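Please keep the sequence and the coordinates at hand.

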Amino acid sequence: MRFRPDNPLDRQPGHRSNGLPKVYKYNACFLSTEEARLLVAACPEAIRDLVRVALGTGMRMGEIFGLRVGSVELRGERPVLYVEQTLRRGGTFAEPKSERSRRSILLPKTVAALLAERIKGKRRGDLVFTAPGGKPWDANNFRSRYWDKAVAAAQRCAAHPPTPAKVGNGKRVRRVSDLAVSSCECTTRLHQRPRFHDLRHSHVAYLIDAGWDFFVIQHHIGHASIKTTFDVYGHRLTRGDKARLKALDERLTDGTVTDMQSAKKDRKKAAKKSKGKISPFIEGMGEAA
């Protein structure tokens with residue numbers, strides 16, 4: 001066997017790249033609170049609570065599928081759940097994705113109340129969420145039978161439903177598919193097509209809007225590195241605030257800030273007025289710490 005003297009992956013002389021196609025990252029879909037409400041309303045009862053928990057906790061799909069009653073602690077002033085196992089695609093239970101993925105999650109009021117109803121009468125070893133037949137969820141079945149149809153239902157407009165397609169000589173009309181969506185610009189329907197994992201992204205967006213620190217968010221969602229958190233969500237940060245922009249404006253006016261004490265007071269007042277907006281999906285999770 002003979003080997004090539006060169007590496008085909010090396011950049012060729014005079015070229016700016018090695019000719020391989022560029023890898024593009026997936027652009028996460030961030031649902032606004034109103035968009036999330038549209039999606040939840042379109043979900044069938046079998047998955048509605050599960051979707052609300054994903055929006056309220058930022059848990060991964062396998063972590064929710066593998067959540068057991070004994071990992072939910074609702075007593076005390078601060079209800080919490082513990083991520084201790086995950087359900088893999090093959091139907092087996094395993095340790096969480098990484099050491100940081102094994103974590104505790106403070107629960108919003110709505111999620112705590114929802115879970116209290118879900119675990120009522122169940123044993124500690126029972127799964128909190130199961131498929132309609134009582135067995136553990138299968139990720140592929142979940143997507144094809146429930147999730148994809150729920151997203152499509154949220155994308156349909158009652159005033160402008162999808163039109164049936166005529167086939168043959170126009171004498172027969174093909175039934176509208178469960179995955180058919182509207183094409184209107186009405187605000188009463190969902191215009192994005194999120195994956196289930198995008199509920200996790202949306203949850204983090206709610207935390208950022210509420211003023212949570214990125215280091216706290218990293219531990220909350222179980223990222224192994226703060227770099228991952230910044231790489232995925234750093235663009236959601238507001239790169240300035242009104243107080244700092246006002247101070248800059250004062251400097252640009254005449255080159256100096258005439259009254260530093262006054263400028264400092266103005267910044268504090270502006271900071272108090274611009275408190276983070278709290279999405280109802282994370283309401284009651286406590287301070288941003």
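Strand 1 (residues 72–73) pairs with strand 2 (residues 80–83) in the antiparallel sense, over 2 bridges. Strands here are DSSP runs of E with at least two residues, helices are DSSP runs of H or I with at least four, and both are numbered from the N terminus. Two strands count as paired if DSSP finds at least two bridges between them. This is a predicted model, in which local features need pLDDT of at least 70 and side-chain atom pairs count only at pLDDT 80 or more, while totals for chains, interfaces and linings use all residues. Residues are numbered from 1 along each chain as its sequence is written, and side-chain values use heavy atoms, with hydrogens and water left out.

Within this pair, Val 72 stands opposite Leu 81 of strand 2. The two strands form a hairpin with 6 residues between them, and Gly 76 in the turn has a positive phi of about 90 degrees.

Strand 2 is also joined by 4 bridges to strand 5 (residues 103–106), again running antiparallel. There Leu 81 stands opposite Ile 105.

Glu 63 belongs to helix 3 (residues 61–65). Its relative accessibility is 3%, so Glu 63 counts as buried (under 20% relative accessible area with a 1.4 Å probe, protein chains only; exposed is over 50%, partly exposed in between). Beyond its neighbours within four places in sequence, Glu 63 is in contact (heavy atoms within 4.5 Å) with Val 83, Gln 85, Thr 86, Ser 101 and Arg 103.
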